[in-house]
Amino acid sequence: MSTPTRRLSSGLHAEMRFSGAGGWQLVVDGTPQSHVDPERPELLVYEYVQQMGHAIDALPPGPITAVHLGAGAFTLPRYIDATRRGSRQQVIELEPLLVELVREVAPLPRGASVRVRYGDAREQLARLPAGLHGAVDLVVVDVFSGSQTPAHVTTVEFHALVRDLLAPGGLVVVNIADDRTLSFAKRQLAALLEVHAEVAALADPGMLKGRRFGNVVAIAGAALPELDGIGRALRRDPLPGKVVAGAELRRFLGGALPARDADATPSPAPDRGIFG
């Protein structure tokens with residue numbers, strides 16, 4: 001089976017690889033970014049995406065209004081469309097050719113209310129319709145340029161812009177990739193704590209102990225969904241995870257300073273061998 005590819009405007013190379021487990025894997029410049037199976041949109045394969053799914057499932061039942069910063073293979077927009085019929089979703093993506101590649105291989109479901117806007121995630125926040133401000137139930141922040149998250153979408157100032165979109169009870173879900181030091185994750189969690197009343201981290205214990213490069217999922221809002229239910233779902237995952245919140249989260253941060261526009265850095269680049 002052929003592997004469809006695109007050369008993105010950034011110069012990075014994107015391809016959709018057929019997955020032996022079924023579905024397709026989006027790979028950008030050698031870094032796996034998303035897995036999607038158009039025939040099974042409820043299937044979440046990557047560990048961190050499963051964790052994000054548990055947080056989304058904890059929102060009140062029924063259709064939601066969602067904004068996704070970063071398209072990937074539209075894994076979570078498809079998941080929400082399948083599990084919460086009638087949801088309205090906006091996706092912001094920098095690379096039109098990436099969206100073209102994904103849609104060529106895995107078109108969005110017919111009837112799905114998913115609008116795509118092109119441009120830098122932070123810049124496009126200011127251009128969203130005024131009616132979305134204070135009306136969004138879910139914002140997913142999963143922005144990568146190749147294998148790294150750009151610095152300008154990790155800061156207190158950025159997260160304040162995201163907060164202004166949220167409806168009462170709205171939730172922000174952030175994918176944070178980091179190395180064993182966890183310094184990048186701690187600074188972004190500290191930034192979220194400065195902006196939101198409640199923050200929690202979701203990850204497997206090994207990641208939280210600095211044993212490997214991987215992902216931490218942050219959730220934040222004025223009030224979080226019921227964390228015990230999220231914790232039970234995490235413990236049932238193939239790689240069981242846990243919820244860190246409250247005093248335990250503050251101990252984990254250990255006095256880390258929040259990332260700000262003046263001093264933020266991109267997420268650390270993974271060793272290429274990690275995906276080999």
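Mentor: Let us begin with a definition: a polar contact is a pair of N or O atoms within 3.5 Å. The model before us is predicted. At the start of helix 8, a side-chain oxygen of Glu226 comes to within 2.9 Å of the backbone nitrogen of Asp228.

Trainee: Which residues of helix 8 are buried?

Mentor: A residue counts as buried under 20% relative accessible area. In helix 8, which spans residues 227–235, the buried residues are Ile230, Gly231, Ala233 and Leu234. Viewed down the axis of helix 8, these buried residues fall within an arc of 160°, so they line one face of the helix. The face turned away from that buried side carries the exposed residues Asp228 and Arg235. Among the elements that cover the buried residues of helix 8 are helix 1 and strand 10.

Trainee: How is the packing of two helices described?

Mentor: Two packed helices are described by the angle between their axes and the distance between the axes. Here, helix 1 (residues 47–57) and helix 2 (residues 75–83) pack at an angle of about 35°, with axes 11 Å apart. Their contact involves Val49, Met52, Gly53, Ile56 and Asp57 of helix 1, together with Thr75, Leu76, Tyr79 and Ile80 of helix 2. By class, the residues of this contact are six nonpolar, two polar and one charged.

Note on methods
Residues numbered from 1 in each chain as written. Predicted model: local features only at pLDDT ≥ 70, side-chain atom pairs only at ≥ 80, totals over all residues. Heavy atoms only, no water. Axes fitted to C-alpha atoms, helices over the stretch in contact; angles between N-to-C directions. Helix = DSSP H or I, 4+ residues; strand = E, 2+ residues; numbered from the N terminus. Contact = heavy atoms within 4.5 Å. Nonpolar A, V, L, I, M, F, W, Y, C, P; charged D, E, K, R; others polar. Buried < 20%, exposed > 50% of the residue type's maximum accessible area, 1.4 Å probe, protein only. Arc of directions from axis to C-beta. Polar contact = N/O pair within 3.5 Å; in protein donor to acceptor, adjacent residues only side chain to side chain.
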